[in-house]
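The following exercises ask the reader to study one protein chain step by step.

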Amino acid sequence: MKFVKFKKVLFSVVSAMLCIAMVLSVPASAAEKKSVWNETKALTSAKYNSNYVKWAEKYSAKETKNTVSFGKSKTKKFYESQLKAFNEKDPQFSVNILDKENIVSVAFKNKKTKMVVYTEGEGVAIYIDPKNMTLLSVSDKQKITMPMTEDIGYDDMIDEMTGAFLTFDNDSYMSDTLGVTDKTKGKSFKFTSNEKTYYYEEFEGSMAGKFGFLFNSSGNPIAVVADDMVMCFSVSFSVKDSEFSIPKGYTEMQF
């Protein structure tokens, strides 16, 4: 199946690029890693706020008598908004998850895909459209461009991806992947900082374990807790075309 082949090619290239960058480069200092982290983040729409992480950590560890059922939670409402967005005729989205050690960002719109990853001091970005796949190494400012041949089957991949969106079943995801029902109770907090209201909800799923979200006053998630990981989080279903503009200043390498 071409979609499977594409995924194998894609992740092989990412892994190879990370390995090459780590083998050839001199171990980066803390300042250099911070610089690469900043430059990698600049390729995304991600925003990092240390307060969000601090608050999510604080309320995840805190006990409370205030509970909310999953069926009436902001968490379920967020999952339902995802389903509605995925069911649009031409779905588009961007998702950003990051802390000071890692960045994962994915954007999709009009058959264009962008993936950005920062880990272990290295940053990699991949831009894919029906004609080309371009891979950037952030630390050494080099890039590789590959034509999207018929064997890779980009159109098949897009059809598979959008088909998965359109057939996504929220109820099955919540019961089979998260392991929660509408009656599952979770802890709930409401607090104010600088005259802004925030909410934190956390549930224990029989399948997923502990998961929690910090929400702003509009009900949008701004941080996520999964087991012991706490990261800033953002999702948008309206993506700017500029998200897919390949940055300048990178030297082309032969693939």
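Two residues are in contact when they have heavy atoms within 4.5 Å. The structure is a predicted model, in which local features need pLDDT of at least 70, side-chain atom pairs count only at pLDDT 80 or more, and totals for chains, interfaces and linings use all residues. Residues are numbered from 1 along each chain as its sequence is written, and side-chain values use heavy atoms, with hydrogens and water left out.

**Exercise 1. The chain as a whole**

Task: State how many helices and strands the chain has, and what percentage of its residues count as buried.

Solution. Step 1: helices (H or I, at least four residues) and strands (E, at least two) are DSSP runs, numbered from the N terminus. The chain has six helices and 13 strands.

Step 1: buried means under 20% relative accessible area, exposed over 50%, and partly exposed in between, with a 1.4 Å probe and protein chains only. Of the 255 residues, 44% count as buried.

Step 2: among contacts between residues at least 6 apart in sequence, 61% join residues at least 24 apart.

**Exercise 2. The nonpolar cores**

Task: Identify the residues with the most contacts inside the largest nonpolar core.

Solution. Step 1: a nonpolar core is a set of buried Ala, Val, Leu, Ile, Met, Phe, Trp, Tyr and Cys residues joined through side-chain atoms within 4.5 Å. The largest one has 27 residues, and Leu-43, Tyr-200 and Leu-214 have the most contacts inside it.

Step 1: the elements that give two or more residues to this core include helix H2 (30-41), helix H3 (50-61), strand E4 (112-119) and strand E9 (196-205). H3 provides the largest share, four residues.

Step 2: A second, separate core of 15 residues includes Val-68, Phe-78, Tyr-79 and Phe-215.

**Exercise 3. Helix H3**

Task: Determine which residues of H3 are buried.

Solution. Step 1: H3 has 12 residues and spans 17 Å from its first C-alpha to its last, close to the expected 16 Å. The expected span is 1.5 Å times one less than the number of residues.

Step 1: Val-53, Trp-55, Ala-56, Tyr-59 and Ser-60 are the buried residues of H3. Because they cover an arc of only 165° around the axis, they are on the same side of H3. The arc is that of the directions from the helix axis to the C-beta atoms.

Step 2: among the elements that cover these buried residues are E8, E9, strand E10 (209-215), E11 and E12.

Step 3: at the N-terminal end, Asn-49 caps H3, with a side-chain oxygen 2.8 Å from the backbone nitrogen of Asn-51.

**Exercise 4. Two lysines**

Task: Decide whether Lys-187 is buried or exposed, and find which side chain makes a polar contact with that of Lys-76.

Solution. Step 1: Lys-187 is in strand E8 (residues 185-193). Its relative accessible area is 15%, so Lys-187 is buried.

Step 1: a polar contact is a pair of N or O atoms within 3.5 Å; within protein, one must be able to donate a hydrogen and the other to accept it, and residues adjacent in sequence count only if both atoms are side-chain atoms. The side chain of Lys-187 reaches the backbone oxygen of Ser-60 at 2.6 Å, and a polar atom of this side chain lies 2.8 Å from the backbone oxygen of Lys-62.

Step 2: Lys-76 belongs to helix H4 (residues 74-86). With 11% relative accessibility, Lys-76 is also buried. The side chain of Lys-76 makes a polar contact with the side chain of Asp-182 at 2.7 Å.

**Exercise 5. Strand pairing**

Solution. Step 1: two strands pair if DSSP finds at least two bridges between them. Two residues separate them in a hairpin, where Asp-227 in the turn has a positive phi of about 55°.

Step 1: strand E2 (residues 93-98) runs antiparallel to strand E12 (residues 229-236), joined by five bridges.
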